[in-house]
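Please read it alongside the coordinates.

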Amino acid sequence: MVIVLKKGIPEQEKNNLKDFLARNHFRVNEITGEEDTILGAVGKLSIDPREVEILPGVERVIPISKPYKMASREYKKENTVVEVKNCHGQIVRIGGQKVSVIAGPCAVESLDQMMAVAERVAAAGAVMLRGGAFKPRTSPYAFQGLGEEGVKILRQAGDAFGLPISTEIVSAEHIPIMRDYVDVLQIGARNMQNFELLKKVGALGKPVILKRGLSATIEEWLMAAEYLLASGTDNVILCERGIRTYEKATRNTLDLSAIPVVRSLTHLPVIVDPSHGVGIRDKVPPMGLAAVVAGADGIIVEVHCNPEKALSDGAQTLYPEQFEKLMRDIDVLAPVVGKEVARIKKSSPQSVHRHSHESAEGKVVCAFSGDHGAYAEQAINKYFDGAQSLSVSSFRDVFQAVVNGDADYGMIPLENSLAGSVYENYDNLLRFDDVEICGAYTLRIEHSLLAPRGATVDTIKYVYSHPHGFPQCKEFLEKYPQWTHIDSASTATAAEIVAEKGSVENAAIASALVADYYNLEVLATGIESNPRNYTRFVVITSRDGKTQESHKEPSEGLCCLNNVVKASLAFAAKNEPGALYECLGVFHQHNMNMTRLESRPIPGQPWRYMFYVDLLLSETEKEKDMKDAVDALKAIAEDVRLLGIYNERSV
Ligand code: PEP
Ligand code: MN
């Protein structure tokens, strides 16, 4: 049964409750969730739950009828996200908003083989290295693996490329070596119901990938997970790897329908192994993609630099080139299901020692989307006290640069006072749940007419700008009806094109600040029809590699005059009358001034929305107030996410 405790229950009452349960032969596990503190009590249910419900400190009791308890959704409402650290202390997450890809050969064969394949899969975007050292082969005469030496080789190859490692444990005898060397233990399909092994592996408390048995039902699979959880680990990753059916065309039948089913029954992350699922190389990538679409938290794929020579499972093993293409395809597909591909930060000295936040020239690096001279780059120059700006080609690439360590920060627009919200970035903030907002800056947008030297308004025939630039300068342009308007990707790109062409026939509508950069002349300035034209940018940074402490204020060197303290959060309101009203009431009760409310559709859930809220906080007690408000919101809303507490420069 699940016992939800009253908020603020005294320690003594909690201990009395635990003693009571222990006397009645229950094993008790305390979970401090984001919403509630609960006691999970696993036993033979020899008492009436009502007897527990009347005890002091108990809010309510939820009897669990399912044979698995700790694995069930009733036991834990929030999805479990398994965290594994690599050798640089960077966290790889399985679950949540990420698609995490684990790759490597079926078996560890030699150091050279592992180093070669680890390099390829790491470069392509895998976040964990796999490889069997103890192979449970159907034939006793087949290659049985390198054993202990294989585990050590796997470790060495993983560390060389910053990848945590995962390998199968077939016997409790191997626990000493596995415990010291392996990050994530695998329980193979053939051992899914080896209950003694499950108990001993669970007791190690390490993350475990639990393959579905060859002919296991979903319930049997979850019961096996229950063994692991009940023995002491909280971190179980379920892995669908195909089941035995009458079909002979594929090695197994990959049961992708299990993914949404399992998702509703358990809070545990679930990944898919398309390699063992289909057993045929060319059929692996499409099923890997299908797994992502079906909602898997990741895939585990066999890859070898020379699969024809592989000592096991060569026929189902991808060439590195096939794996690279699969990764590119997953990258494109993941946003369709509201996710992003997990990445390991590049292990360059710059990103490993992130506390320095310095580029080679000793500056912090801030990414922005567009060409040099873009308004976002101006925002970087105004917000930071000397940052190096990094130009990338899309908003998503700004997020990606922050996640993979190419940049310390990113500057992204959320809203323009004339053109409205930049919805794409609201969606990006949700998909990249390992990124947070750490600052904000509002920039006044002032347009100018730029042209090569010698040009006048009379020589101009063509005007280039971002599509938003023309309507914003409508009154000025009406004076020159003979000019042809040509759209470009950004105002800075418009200036670049005009500079490249070098003809006095062309002009660009852009910021006067880019004139010098592109050696253009400013023919007119302040040409926007409405001078109250502002874009609000937020500064994003990775949640990883920093202590809570350093999140609180902009880093040293950031300009922070005229600050207000703000918080941004997102949540889904329940689908019932008055739900949003109740949620917004929380901010009122906490005396927080809501400065913005925005909604976005939730992918895959028609007519359901995520709400984004910006709040003005008081200088004092801001963290505590926000925590209280978030706790209160969690009790009535779903998927509550604090996107950041930060200083915003007012204009
Ligand atoms: C493996 O992953 O190498 C393996 C043997 O898988 P399974 O246990 O799913 O057959
Ligand atoms: Mn294999």
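In this predicted model, the cover over the buried residues of helix α3 (residues 111–124) includes strands β7 and β8 together with α4 (148–160) and α11 (320–333). The points below take the helix, the unit it belongs to, and then the strand β7.

**Helix α3**
- The residues of α3 that are buried are Gln113, Met114, Val117, Ala118, Val121 and Ala124.
- Viewed down the axis of α3, these buried residues fall within an arc of 130 degrees, so they line one face of the helix.
- An α-helix has 3.6 residues a turn, so residues three or four places apart point the same way.
- On the other side of α3, Asp112 and Ala123 are exposed.
- With 14 residues at 1.5 Å a residue, α3 should span 20 Å, and this agrees with its end C-alpha atoms, which are 20 Å apart.
- Gly125 follows α3 and has a positive phi, near 120 degrees.

**The β-α-β unit**
- Together, β7, α3 and β8 make a right-handed β-α-β unit.
- The strands β7 and β8 (residues 128–130) pair in the parallel sense over two bridges, and Ile102 stands opposite Met128 in β8.

**Strand β7**
- Seven of the seven residues of β7 (residues 98–104) are buried, with Lys98, Ser100, Ile102 and Gly104 pointing one way and Val99, Val101 and Ala103 the other way.
- Strand β14 (residues 298–302) runs parallel to β7 and is joined to β7 by five bridges, with Ile300 of β14 opposite Ile102.
- Strand β15 (residues 340–341) pairs with β7 in the parallel sense over two bridges, and Glu340 in β15 is the bridge partner of Lys98.

How values were computed: Residues are numbered from 1 along each chain as its sequence is written. Chains are lettered from A and ligands numbered from 1 in the order in which they are written. This is a predicted model: local features need pLDDT of at least 70, side-chain atom pairs count only at pLDDT 80 or more; totals for chains, interfaces and linings use all residues. Side-chain values use heavy atoms; hydrogens and water are left out. Buried means under 20% relative accessible area, exposed over 50%, partly exposed in between (1.4 Å probe, protein chains only). Helices (H or I, at least four residues) and strands (E, at least two) are DSSP runs, numbered from the N terminus. Two strands pair if DSSP finds at least two bridges between them. A crossover is right-handed if, with the strands pointing away from the viewer, the path from the first strand over the helix to the second runs clockwise. The expected span of a helix is 1.5 Å times one less than its number of residues. The arc is that of the directions from the helix axis to the C-beta atoms. Contact means heavy atoms within 4.5 Å.
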